[in-house]
Amino acid sequence: MAHGGELETSVYLQLAPEKVQMEKAVREIGMPDSEFIWMDLTEGSPVHLMDERTRFSKSGTHGDPTIATAEKGRPIFEAVVEAFVRLVRKFKIRPRGERTDCHQQ
């Protein structure tokens, strides 16, 4: 399993703890400080930049998976599932207009 930060690792610990190798977890917050670009899954930066992780991380981690727990992962997972269920329900009843072929005269 790839390394992740506290949030991702907590969810993995909740779902499949036997697949998480916590002995390999390291804290690494090496992305350069920026006024406009940062990595945060809960509050994204105003500029989205997908840089090569190896430019700022030796381990592949950004964050601190060493403090992850299954207890932290449970409410995160439940919130994501709840949001997806709401999305599907809204999408199911979403009005759909008729398609028009704009290429024909």
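User: At what angle do α1 and α2 pack, and how far apart are their axes?

Analyst: In this predicted model, two packed helices are described by the angle between their axes and the distance between the axes. Angles of 65 to 115 degrees count as roughly perpendicular, and α1 and α2 are therefore roughly perpendicular to each other. For this pair the angle is about 95 degrees, and the axes are 7 Å apart.

User: Which residues of α1 are buried, and against which element do they pack?

Analyst: Helix α1 covers residues 6-15, and a residue has to be under 20% relative accessible area to count as buried. T9, S10, V11 and L13 are the buried residues in α1. On the α1 side, the contacts between the helices involve E6, L7, S10, V11, L13, Q14 and L15, which meet A70, K72, G73, R74, I76 and F77. The element against which the buried residues of α1 pack is α2.

User: Which residue forms a salt bridge with E6, and at what distance between the closest N and O atoms?

Analyst: The search of the whole structure gives four salt bridges, and one of them is formed by E6 with K72. E6 lies in helix α1 and K72 in helix α2, so this pair ties together parts that are 66 residues apart in sequence.

User: About how many helical turns separate R86 and E82?

Analyst: The side chains of R86 and E82 meet in a salt bridge, with 3.6 Å from N to O. The two residues are four residues apart in helix α2, so their separation is about one helical turn.

User: Which residues make the nonpolar surface patch, and about what area does the patch have?

Analyst: Helix α2, residues 70-93, gives the largest share of the patch, three residues, while L15 is found in helix α1. A patch residue needs over 30% relative accessible area, and L15, at 47% relative accessibility, counts as partly exposed. The patch is made by L15, F77, V81 and V85, and its area is about 300 Å².

User: What percentage of the residues in the protein chain are buried?

Analyst: The protein chain has two helices and zero strands, and it exposes about 8900 Å², of which carbon and sulfur atoms supply 55%. Among contacts between residues at least 6 apart in sequence, 70% join residues at least 24 apart. Of the 105 residues in the protein chain, the buried share is 20%.

Notes: Residues are numbered from 1 along each chain as its sequence is written. This is a predicted model: local features need pLDDT of at least 70, side-chain atom pairs count only at pLDDT 80 or more; totals for chains, interfaces and linings use all residues. Side-chain values use heavy atoms; hydrogens and water are left out. Patches are made of residues with over 30% relative accessible area and no salt bridge: like charges are joined within 9 Å, nonpolar side chains (Val, Leu, Ile, Met, Phe, Trp, Tyr) within 5 Å. Accessible areas come from the Shrake-Rupley method with a 1.4 Å probe; for residues, only the protein chains shown count as cover. Buried means under 20% relative accessible area, exposed over 50%, partly exposed in between (1.4 Å probe, protein chains only). Contact means heavy atoms within 4.5 Å. Axes are lines fitted to C-alpha atoms, for helices over the stretch in contact, and angles run from 0 to 180 degrees between N-to-C directions. Angles under 35 degrees count as roughly parallel, over 145 as roughly antiparallel, 65 to 115 as roughly perpendicular and the rest as oblique.
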